[in-house]
Amino acid sequence: MQQVKAVIARAEGAPVEIVTITVPDPGPGEAVVRVQACGVCHTDLHYREGGINDEFPFLLGHEASGIVEAVGPGVTEVEPGDFVVLNWRAVCGQCRACRRAEPWYCFNTHNAKQKMTLEDGTELTPALGIGAFAEKTLVAAGQCTKVDPSARPAAVGLLGCGVMAGIGAAVNTGGVTRGKSVAVIGCGGVGAAAIAGSALAGANPIIAVDIDAKKLATATRLGATHTVDSSATDPVAAIQELTGGFGADVVIEAVGRPETWKQAFYARDLAGTVVLVGVPTPQMRIPDLPLIDVFGRGGALKSSWYGDCLPSRDFPMLVDLYQRGKLDLDVFVSEEIALTDVEAAFNRMQRGEVLRSVVIL
Ligand SMILES: NC(=O)c1ccc[n+]([C@@H]2O[C@H](COP(=O)([O-])OP(=O)(O)OC[C@H]3O[C@@H](n4cnc5c(N)ncnc54)[C@H](O)[C@@H]3O)[C@@H](O)[C@H]2O)c1
Ligand SMILES: [Zn+2]
Ligand SMILES: [Zn+2]
């Protein structure tokens, strides 16, 4: 075992703390990874606010890349020295989803069996089974996806959560293809990635909706053909107007709130698809949605967990597209920060100042 510095959330709503944690040596099927970069995702803040579950203390951070330092017995997929992006979908190959050849829904994904702990032995709950606001972290070997080692760690680490979730919400869950009309409500890290994914797939038009002008500017850089400031304009009417009066074929909600989901619901064309990739809190309800509208508008109402991605298939491909200049991941890295800056980064995220702050170790 070894001791490293890490960022934890000890109690609901309390500021995060830098502490020393103990990382066990990797057991069977496990790997210890020396973290090089880890993005600050809104989901880390959800954990801190008690919005995911109450298994405090959390070891935060989950959008990371790094170098495999050591592997446990029986590990064949990676070896020490490999450059990897960490994922929270190490598929089991045996559950009912895996058996029906839909491993992106795997219901029994692998995490490390051993626990990382505080110095007093208190067990930590790693965010999304990763916990990478840490100099080193212990994961299941299947959570390590080998990618091109010449890629920039801060940029490709973001594929580990938000950017993959956004791209996948569009192309995997939403089925966005060439010529489909797409609207994305909420253009933070996840929504901006949904725009980039829609552009890669050849969608047209691609309508970005946000209440923040800076987010809309970045969305344009990533391929949005139109922008709607929904703090000033009714987004449903605007999306309909930009799509011949009909609504978009695919509308992606990347905020995680009932009112924006309802906007997505009504901004979609008949037989269109709504994709919810934003994460609501357990308290949220959709008020007054006539069931006849659900029936009468047809189509599909979907949720997207991690962009329905398969890390082993999607990460290396997206890193290659990045390396070839086809997918701009650098634009997502608003700033590089130290491990001590995570609390400040949460505040900047809440003020809407960044797409992603990325901790560099
Ligand atoms: N489903 C998944 O697998 C998955 C993965 C990662 C993150 N998420 C979730 O996706 C959501 C977005 O994450 P993020 O990291 O991009 O967060 P973020 O804070 O970077 O972005 C949120 C964006 O929504 C905008 N916004 C807020 N209220 C709005 C409104 N009323 N109308 C329009 N836009 C509004 C903000 O201006 C901001 O640009 C979060 O709920 C996060 O937990 C889901
Ligand atoms: Zn499975
Ligand atoms: Zn995340």
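Biologist: Ala, Val, Leu, Ile, Met, Phe, Trp, Tyr, Cys and Pro count as nonpolar, Asp, Glu, Lys and Arg as charged, and the others, Gly among them, as polar. How does the shell around ligand 1 split by class?
Modeller: The shell has 15 nonpolar, 14 polar and 3 charged residues. Note that this is a predicted model: local features need pLDDT of at least 70, side-chain atom pairs count only at pLDDT 80 or more, and totals for chains, interfaces and linings use all residues. Residues are numbered from 1 along each chain as its sequence is written, with chains lettered from A and ligands numbered from 1 in the order in which they are written.

Biologist: How many residues surround ligand 1, and which are closest?
Modeller: There are 32 around ligand 1 (C-beta, placed from the backbone, within 6 Å). H42, A165, G186, G188 and G256 are the closest.

Biologist: Which elements give two or more residues to that shell?
Modeller: Helix 1 (42–48), helix 4 (162–173), helix 5 (189–201) and strand 12 (206–210). Helices (H or I, at least four residues) and strands (E, at least two) are DSSP runs, numbered from the N terminus.

Biologist: Where does ligand 1 lie relative to the domains?
Modeller: Between them, because domain 1 and domain 2 both give residues to its shell. Domain 1 is 2–160 + 328–360, and domain 2 is 166–305. Those bounds come from an automatic or database domain assignment.

Biologist: How far apart are the domain centres? And how many residues are in contact?
Modeller: The C-alpha centres of domain 1 and domain 2 lie 28 Å apart. As for contacts (C-beta atoms within 7 Å), 11 residues of domain 1 meet 12 of domain 2.

Biologist: Which element gives the most on the domain 1 side?
Modeller: Helix 1, with 3 residues. By class, that side of domain 1 has 4 nonpolar, 5 polar and 2 charged residues.

Biologist: New topic: helix 6. Which of its residues are buried?
Modeller: In helix 6 (213–221), K215, L216, T218 and A219 are buried. Buried takes 20 or more other C-beta atoms within 10 Å of a residue's own, exposed 12 or fewer, and partly exposed is in between.

Biologist: Why do those sit on the same side of helix 6?
Modeller: They do because they cover an arc of only 160° around the axis, taken from the directions from the axis to the C-beta atoms. The face turned away from the buried side of helix 6 carries the exposed A213 and R221.

Biologist: What do the buried residues of helix 6 pack against? And what follows the helix?
Modeller: They pack against helix 5, strand 12 and strand 13 (226–229). After helix 6 comes G223, with a positive phi near 125°.

Biologist: On to strands. What does strand 3 pair with, and in which sense?
Modeller: Strand 3 (30–39) runs antiparallel to strand 5 (63–71) over 8 bridges. V35 stands opposite G66 there. Strand 3 also runs antiparallel to strand 9, with 5 bridges; E30 partners A140. Pairing needs at least two DSSP bridges.

Biologist: Why is strand 9 called largely enclosed?
Modeller: Because 5 of the 5 residues of strand 9 (136–140) are buried.

Biologist: How does strand 5 pair with strand 6?
Modeller: Antiparallel, over 3 bridges, with strand 6 at 83–86. S65 faces V85 in that pairing.

Biologist: What's the strand order in the open sheet?
Modeller: The order is 7-2-1-4-8, 5 strands with mixed pairing. Strand 7 (117–118) and strand 8 (125–126) are the edges, each pairing on one side only. Strand 4 (58–59) and strand 8 are parallel over 2 bridges, and F58 stands opposite T125.

How values were computed
Two residues are in contact if their C-beta atoms, placed from the backbone, lie within 7 Å.
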